[in-house]
Amino acid sequence: MSHATTPAPAPAKRPSSLSAARLPRWSPWAIALGSIAAACAIGLVADLSSRIQWGLIAAILFVLVTYGLAAKVEGARQAKDRTATSVVWVAFILAVLPLASLVYETVKRGIKVLDFYFLSHSMGFVTAYQPGGGIYHAILGTLEQVGLATLISVPIGLLTAIYLVEYGRGKLAKAVTFFVDVMTGIPSIVAGLFILSFWILILGFGFSGFAGSMALSILMIPVVVRSTEEMLKLVPNELREASLALGVPKWRTILKVVLPTSIGGITTGVMLAVARIAGETAPVLLLVFGNPLINGNPFDGPQASLPLYIYQQYASSGGSEAAYDRAWAAALVLIAFIMILNLLARGVARWKAPQTSR
């Protein structure tokens, strides 16, 4: 005769610390708004004139209140995690706000005179105090000088990086690496003084866009070398070994396997180097000298450039609103030029990226 057995009642589950009470999802936004309101009140009561002080107070209150509420509701472990996240967000906002403010101010003030006439005319005989004039001569000079610097720098930087990664061994490679690191930190004025003393004072050549391009290439070469070197190092050695195992010479392996694999990163590095030199003023001021008229020959006579144009408009404005407006418009064009270069670099990097099968 069988006896039915009743199952023993399951023990009550203890609440897990991981499923304890949590702050609602909207709590960070509420804390942020409360911190901003509290910072505004403190700023008004304390008569703080700087809005930067208000923002810093709001950031500190946001971090402290986040930690306090999380520690009380969720525990110390989750409070530390939320505090770290809030610090990251505060740092991100502090980094983005100056950039956004700069772009907004440049667009706001530069759009006043930015039109087709401004882009298609030079300063000619327009003085800094008079309205009118344009930046065609400066755009032409910048394109020619940056283009020549790129033609000089990219082959030298690319071949140097290939030597360091594929062939470089021993003391010579270490010496090259050391000097590339030193060149990375060279101030732009030093590069300009070197070309000034060697090209103009010793050899006797005059001021020209080509002289400025040589100084810009000195600044560009280490950036190209470093970025290309890192991209070449990312190419798997298995690709090189497979090519060499088939009897392909090393130079052809580099040309047909290594470079095509890393061409996207190399292009991005070159564009970053171009953006690095496009806004340099000191070498251009020393070597290109400036020219209010159109000079399409970078090898003969002074030229203009966008950074130099901006500097000259501010330096010789004498409080003229027309000169200030031209300077802001030229700065807006320069920012747009660098932005276009970065977009092209992203497009080439995506186009030339290795296709991976899923």
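E229 is buried, with a relative accessible area of 6%. Salt bridges with shared partners link D181, R226, E229 and K233 into one network. The model is a predicted one.

R226 and E229 form a salt bridge with an N to O distance of 2.5 Å. These two residues are three apart in helix α8, and so about one helical turn separates them. K233 also meets E229 in a salt bridge, at 3.6 Å from N to O. K233 and E229 are four residues apart in helix α8, again about one turn of the helix.

R226 belongs to helix α8 (residues 209–233) and D181 to helix α6 (residues 170–184), so the pair ties together parts 45 residues apart in sequence. R226 is partly exposed, at 24% relative accessibility. D181 is likewise partly exposed, at 41%. The salt bridges number six by the rule applied.

The chain as a whole contains 13 helices and zero strands. Its radius of gyration is 30 Å, well over the 21 Å given by the globule rule for 358 residues, so the chain is more spread out than a compact globule. The C-alpha trace spans about 115 × 75 × 40 Å along its principal axes. Of the 358 residues, 37% count as buried. Among contacts between residues at least 6 apart in sequence, 71% join residues at least 24 apart. Charged side chains comprise 27 positive and 16 negative, and the centres of the two sets lie 13 Å apart.

Two further buried positions were examined. I135 sits in the loop between α4 (116–120) and α5 (136–167). Its relative accessible area is 0%, and I135 is therefore buried. Beyond neighbours within four places in sequence, I135 contacts F118, L119, H121, L306, Y309, A330 and V333.

S262 lies in helix α10 (residues 250–278). This serine is buried as well, with a relative accessible area of 4%. Residues up to four places away aside, S262 touches M231, L232 and V235.

How values were computed:
Residues are numbered from 1 along each chain as its sequence is written. This is a predicted model: local features need pLDDT of at least 70, side-chain atom pairs count only at pLDDT 80 or more; totals for chains, interfaces and linings use all residues. Side-chain values use heavy atoms; hydrogens and water are left out. The radius of gyration is taken over C-alpha atoms; the globule rule is 2.2 Å times the number of residues to the power 0.38. Buried means under 20% relative accessible area, exposed over 50%, partly exposed in between (1.4 Å probe, protein chains only). Contact means heavy atoms within 4.5 Å. Lys and Arg count as positive and Asp and Glu as negative; His and the chain ends are not counted. The place of a charge is taken as NZ of Lys, CZ of Arg, CG of Asp or CD of Glu. A salt bridge is a side-chain nitrogen of Lys or Arg within 4 Å of a carboxyl oxygen of Asp or Glu.
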